[in-house]
Amino acid sequence: MNLKITCIPGDGIGPEIVAEAKKVLDAVAEKYGHDMQYTDILMGGASIDVHGVPLTEEAVETAKSADAVLMGSIGGDTTTSLWYKLPPNLRPEAGLLGIRKALNLFANLRPAVLYEELAGACPLKEEISVAGFDMMIMRELTGGLYFGERKTVEENGVRKAIDTLTYDENEIRRIAIKGFDIARKRRKKVTSVDKANVLDSSRLWRSVVEEVAMDYPDVTLEHMLVDNCAMQLVKDPAQFDVILTENMFGDILSDEASMVTGSIGMLASASLNDTKFGLYEPSHGSAPDIAGKDIANPIATILSASMMLRYSFDLDREADAIDAAVKQVLQDGFRTGDIMSEGCKQVGCKRMGDLIVERIK
C-alpha cells in the first residue's frame with residue numbers, strides 16, 4: 001500500500017519526536033510491504049521564522065494532497081519567545097487552528113490508556129489503577145458553545161455577556177457516526193455524554209445519537225449526564241470504551257481523562273474529517289526547555305502514528321504491531337525521564353524509538 005503522509009515537525013521537541021515516529025512507520029512499512037512517502041511542511045513558530053506567518057497556503061495545499069498528516073508540537077515559551085509578541089493571529093497556535101479549519105477536522109479523538117507497567121503513576125487509588133483502563137474520548141470539534149454567537153453588552157449600567165450554544169442534527173450525526181465506527185474497532189460500546197436534563201442542545205444530541213445507533217446493532221449505547229461522567233472517570237474509568245460528546249464537555253473530560261493516566265507523554269490524539277483523512281499529533285506540548293537534548297518521550301507521537309494507520313488507512317494489523325511493541329518496551333523496563341521509576345532503565349528519545357523498532361522487526 002502506498003501511504004502519502006504530510007509531516008509537520010513543528011517547534012520545540014517536535015522534530016525529534018516526529019523523526020522517531022517516522023522511524024517506526026518505516027519499520028512497519030518494511031515488515032508489511034508498504035511504501036511510505038513523506039512530505040514535510042512548516043507550521044507554527046518554524047513557519048513564522050521562515051515565512052512570517054504560522055501557516056502558508058502552500059502548506060495547506062500540501063497537507064490536502066496527502067492521505068494523512070502527522071504532526072509534532074507547535075509553539076514555544078510564551079514568556080520569552082518573540083513569537084508571542086506578535087498579534088494573536090500570527091502566533092504559532094494560529095497555524096494549528098488554521099489547518100484544522102482548512103482540513104474540516106470536526107472529530108477529535110483522545111485516547112486515555114493506563115498501561116499496567118505505568119500504574120504507579122496513576123493518581124487514583126490502587127484498587128482502581130490496578131484494573132487499568134483504555135478509553136477513547138470522541139469530542140465534536142467545530143460546533144457548540146465555542147463557535148456560537150457571542151457578545152458582551154451593557155444593560156442599565158450592568159455588563160452582561162452572552163454565549164450561544166448551537167448544534168444542528170447534521171453536526172451531531174456526523175460525529176456520532178465516527179464514534180460508532182471507531183467503537184466497532186474497539187470493544188463495541190459507546191457512552192454518549194450530554195446534559196439532556198437541562199439543555200435543548202443535549203436533548204437533540206441524545207435523539208440523533210439514538211437514531212445513528214439503530215444502524216449499529218452490534219454496538220452497545222448508553223447515555224450519561226456530563227456531571228456523572230466526570231465522577232465516573234475517577235471512580236471507575238475501566239467501564240468506558242468510547243465516550244462521545246460535544247465540544248465543551250469533551251474539552252473538559254478529555255483533560256480529566258489524560259490526568260488520571262498519570263503521564264501526558266504517553267497520550268496520542270487525532271482530528272478527523274468526514275473522509276478517512278486525519279491529522280495525528282501527541283497531546284503534549286512542544287517542551288522548548290528540553291528541545292534538542294534527546295530526552296523527550298516520543299511514545300505519544302509513535303502511538304499517534306499507530307492511530308493514523310488504524311483510522312486513516314484501516315491497517316489494524318500494522319497499528320496493533322506498533323501498540324504491542326510499545327507495550328513490550330515498557331514491560332522490558334525501558335523508560336524516558338518523564339515516566340522513569342525505580343528499577344527501570346532510562347533511555348533517550350532516539351533510543352526509545354530504536355527499541356520500539358527492534359520489537360516490531
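H6 and H7 cross in a right-handed way; that is, the near helix is turned clockwise from the far one by less than a right angle. A word on the model: it is predicted, local features need pLDDT of at least 70, side-chain atom pairs count only at pLDDT 80 or more, and totals for chains, interfaces and linings use all residues. Residues are numbered from 1 along each chain as its sequence is written, and side-chain values use heavy atoms, without hydrogens and water.

Helices (H or I, at least four residues) and strands (E, at least two) are DSSP runs, numbered from the N terminus.

Back to the pair. The axes of H6 and H7 (residues 200–213) come within 9 Å and cross at roughly 50°. Axes are lines fitted to C-alpha atoms, for helices over the stretch in contact, and angles run from 0 to 180 degrees between N-to-C directions. H6 and H7 are therefore oblique to each other.

Which residues of H6 and H7 meet? In H6, they include Ile 172, Ile 175 and Phe 180; in H7, Leu 204, Trp 205 and Val 208 are among them. Contact means heavy atoms within 4.5 Å.

Now the sheet. It is open, has 10 strands with mixed pairing, and runs S2-S1-S3-S12-S11-S4-S5-S10-S8-S9. Strands pair if DSSP finds at least two bridges between them. S2 (35–40) and S9 (220–225) stand at the edges, each with a single partner strand, so one side of each lacks a neighbour in the sheet.

Take S11 (residues 268–272) and S12 (residues 278–282): they run antiparallel, joined by 5 bridges. Leu 272 has Gly 278 in S12 as its bridge partner.

Key
Angles under 35 degrees count as roughly parallel, over 145 as roughly antiparallel, 65 to 115 as roughly perpendicular and the rest as oblique.
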